[in-house]
Amino acid sequence: MSLTLPNIKIPRILLRDADRLGGTVEGAFLCGDARFENGRLSALSLASGPCDTTLLPPLVEPHCHLDKCHTIDRMDDIGGDLTAAIEAQRADKTNWTEADIRNRALRGIEEYTRAGTGLIRSHVDWGDEAEPPLSWQVLTELAADTPGLQLCSLTSAIQMADPAFAKTASDAIPDGHALGVFVFNQPDHEIGIEQAFQQAQRLNLPLDFHVDEGLDPDLRGLEKIADTAIATHHQGPILCGHAVSLASQSSDDVRRIADKLARANITVATLPTTNLYLQGRRNGTPRQRGLTMLHELRRAGVRIVIGADNVRDAFCPVGRHDPLRTLELAVLAGHLDPPFHQWLPAITTDAARALGHAPMYVDNTPISRLLHAKAGDLSTLISGAPLAPIPQE
């Protein structure tokens, strides 16, 4: 069975083997009439008209919180720093019944689906006990019915420093999901990091750290994670979210830590929505953006991905479950200048790798999973051109 789509543009960075397809090179794009054989892109021929439709693989959300999302409407007077947000969200957990968690998480999943997202990692607060909380049980059930939904436990470094807690919590994580730890210079946080690596290696789990979520230059968890990964020769995927204290450290420190991250093959997730809202708070307008050192890390060979983080909860009262919308915000907040094609992997192929999945390219993905948008350039695409599956006739 064959199908031809006319006047197609494909970012070359999202093609696994662009050279074999033919078509016409137009800057960062490969253009032409796209021919599909047996449901997959097989060739591009000379375009029959102006190429004004962009093809993409499914988008990837590397870092969100489906257990917390859409709770802001029952909170009063929220607006503060990370500590205030943690306290407010903890207080809201009195409302977290099975139905409440399920309904809010399903709303978030549906929003991601409409935005063309095929792979999602959602962190889930673990709570005070080593046994899985109700939210983990509910989201595990949803993940079983939602292809592409990956869960990540969110424990604290203090908890993970206790070997019994670390083992019990880690044993509750099914295959295909991830072990996560919040690192914020807590007592024994270095032991907690080491325990997390031990459990991940024992169970072959991906690792994901909320780390150094503050602008204090004395927050140094990111370097400890890199040191541990190098010392243990860790081979599994490691994702470090936030890492905003890096922006308060010296250039020499940034270079040293970036080199370690690259050697350890650690990916860093920038989370502009929540970091812009919570970080740099003073009595007035913030003077710091609260983002990690995106450009410096990338130049050092560190893979960067971009996540939505919190959507309409105590940590950020606004937001959208939409990777392209998050990329648009990152462009503004982090000065991600054109050419924009270089940043598309942060919400597609590189983001999939960071979650331990094989990347989906336009030419190795079934047509039923590809997305198209009436957009002749990436500025139009990132600025809100609607994405939709390709109609099947």
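Helices (H or I, at least four residues) and strands (E, at least two) are DSSP runs here, numbered from the N terminus. With that in hand, take E131, which is found in the loop between β7 and α3 (134-144). This is a predicted model, so a word on ground rules: local features need pLDDT of at least 70, side-chain atom pairs count only at pLDDT 80 or more, and totals for chains, interfaces and linings use all residues. Residues are numbered from 1 along each chain as its sequence is written, and side-chain values use heavy atoms, with hydrogens and water left out.

E131 is exposed, with a relative accessible area of 53%; exposed means over 50% relative accessible area, buried means under 20%, and partly exposed is in between (1.4 Å probe, protein chains only). Not counting residues up to four places away in sequence, E131 touches W126 and T168, where contact means heavy atoms within 4.5 Å. E131 and A172 are 41 residues apart in sequence, yet 7.6 Å separates them in space, C-alpha to C-alpha.

Now for the sheet. It is open, has 8 strands, and runs in the order β6-β7-β8-β9-β10-β11-β12-β13 with parallel pairing. Two strands count as paired if DSSP finds at least two bridges between them. At the edges sit β6 (59-64) and β13 (304-306), each pairing on one side only. From one strand to the next, the twist averages 25°; axes are lines fitted to C-alpha atoms, for helices over the stretch in contact, and angles run from 0 to 180 degrees between N-to-C directions. Helix α11 (residues 323-334) lies across β6, β7 (117-125) and β13, and runs at about 70° to β6.

β7 and β8 pair in the parallel sense over 6 bridges, and the bridge partner of S122 in β8 is L151. In a regular strand the side chains alternate between the two faces of the sheet. How many residues of β8 are buried? The answer is 8 of its 8 residues. Both faces are covered, with L149, L151, S153 and T155 buried on one side and Q150, C152, L154 and S156 buried on the other.

Further along, β9 (residues 178-183) and β10 (residues 207-211) pair in the parallel sense over 5 bridges, with V183 standing opposite V211 in β10. Strand β11 holds H242. H242 counts as buried because its relative accessible area is 0%. Leaving aside neighbours within four places in sequence, H242 is in contact with H63, H210, V211, E213, A269, L271, N275, T292 and D309.

Next comes helix α7 (residues 221-232). α7 has 12 residues and reaches 16 Å from its first C-alpha to its last, close to the 16 Å expected at 1.5 Å a residue; the expected span is 1.5 Å times one less than the number of residues. Which residues of α7 are buried? They are G221, L222, E223, K224, I225, A226, T228 and A229, and they pack against β9, α6 (189-203), β10, β11 (238-242), α8 (251-263) and β12 (266-270).

I225 also turns up in the largest nonpolar core: of its 98 residues, L66, F209, I225, I238, L261, I266 and L327 touch the most other members. Such a core is a set of buried Ala, Val, Leu, Ile, Met, Phe, Trp, Tyr and Cys residues joined through side-chain atoms within 4.5 Å. Leaving aside neighbours within four places in sequence, L261 is in contact with L222, A226, I266, V268, L297 and V302.

A few backbone spots deserve a look. Most residues other than glycine have a negative phi, and most peptide bonds are trans. H233 follows α7 and has a positive phi, near 55°; H233 is exposed because its relative accessible area is 61%. D188, in the loop between β9 and α6, has a positive phi near 65°. A cis peptide bond joins P338 and P339, with omega about 5°, and P339 is in the loop between α11 and α12 (349-354).

Finally, the cysteines. A search of the whole structure finds 0 disulfides, a disulfide being a pair of cysteine sulfur atoms within 2.5 Å. For C31, the nearest cysteine sulfur is that of C51, 4.4 Å away. For C152, the nearest cysteine sulfur is that of C64, 11 Å away. C31 counts as buried because its relative accessibility is 2%, and C152 counts as buried at 0%.
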